Amino acid sequence: MMEIRNSFHGKGAFKKGTGLSNIKKVAEKYGGAISIETQEDVLVLHVLLIISQHPESNSQQMNEYVTFYSRKKR
């Protein structure tokens, strides 16, 4: 899991460019996910990459991440 924070100058909306599209493709390739949110003037990107020696376990790990992250945001 990676968390990247960067300055953001906008009013809650932003365009998803080529960079974020590429990050999403790589995350999905490895059974992971990304989430993007803004906190005042900061853009926060969470990237989950699941690199496993047992590919069949990726979907279980992804479900655990989604459950964990959705609890964390409450």
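## Salt bridges

K24 and E28 join their side chains in a salt bridge, 3.9 Å from N to O. The term covers a side-chain nitrogen of Lys or Arg within 4 Å of a carboxyl oxygen of Asp or Glu. Because K24 and E28 lie four residues apart in helix 1 (residues 18-29), about one helical turn separates them. K24 is partly exposed at 42% relative accessible area. E28 is partly exposed too, at 47% relative accessibility. Here buried means under 20% relative accessible area, exposed means over 50%, and partly exposed lies in between (1.4 Å probe, protein chains only).

The model is predicted: local features need pLDDT of at least 70, side-chain atom pairs count only at pLDDT 80 or more, and totals for chains, interfaces and linings use all residues. Residues are numbered from 1 along each chain as its sequence is written, and side-chain values use heavy atoms, with hydrogens and water left out.

The count of salt bridges comes to two. E3 forms one with R5, and their closest N and O atoms are 3.0 Å apart. E3 is partly exposed, with 40% relative accessible area. R5 is partly exposed at 48% relative accessibility.

## Chain layout

The chain holds two helices and three strands. From the N terminus on, its elements run β-α-β-β-α. Helices (H or I, at least four residues) and strands (E, at least two) are DSSP runs, numbered from the N terminus. Of the 74 residues in the chain, 24% are buried.

The three strands form an open sheet in the order 1-3-2, with antiparallel pairing. Strand 1 (2-7) and strand 2 are the edge strands, each pairing on one side only. From one strand to the next, the twist averages 15°. Axes for such angles are lines fitted to C-alpha atoms, for helices over the stretch in contact; angles run from 0 to 180 degrees between N-to-C directions. Two strands count as paired if DSSP finds at least two bridges between them. In general, strands of a sheet pair through backbone hydrogen bonds, either parallel or antiparallel.

Strand 1 and strand 3 pair antiparallel over six bridges. R5 stands opposite V44 in strand 3. R5 is also the salt-bridge partner of E3.

## The hairpin

Strand 2 (residues 33-39) and strand 3 (residues 42-48) run antiparallel and are joined by seven bridges. I36 has L45 in strand 3 as its bridge partner. Two residues lie between the strands of this hairpin. There, E40 takes a positive phi near 60°.

## H46 and E3

H46 sits in strand 3. At 5% relative accessibility, H46 is buried. The H46 side chain makes a polar contact of 2.7 Å with the side chain of E3. A polar contact is a pair of N or O atoms within 3.5 Å; within protein, one must be able to donate a hydrogen and the other to accept it, and residues adjacent in sequence count only if both atoms are side-chain atoms.

## Nonpolar surface patch

M2, I4, V26, Y30, L49 and I51 form a nonpolar surface patch. Together they have about 510 Å² of accessible area. Areas come from the Shrake-Rupley method with a 1.4 Å probe; for residues, only the protein chains shown count as cover. Patches take residues with over 30% relative accessible area and no salt bridge: like charges are joined within 9 Å, nonpolar side chains (Val, Leu, Ile, Met, Phe, Trp, Tyr) within 5 Å.

L49 lies in the loop between strand 3 and helix 2 (58-73). L49 is partly exposed, with 32% relative accessible area.
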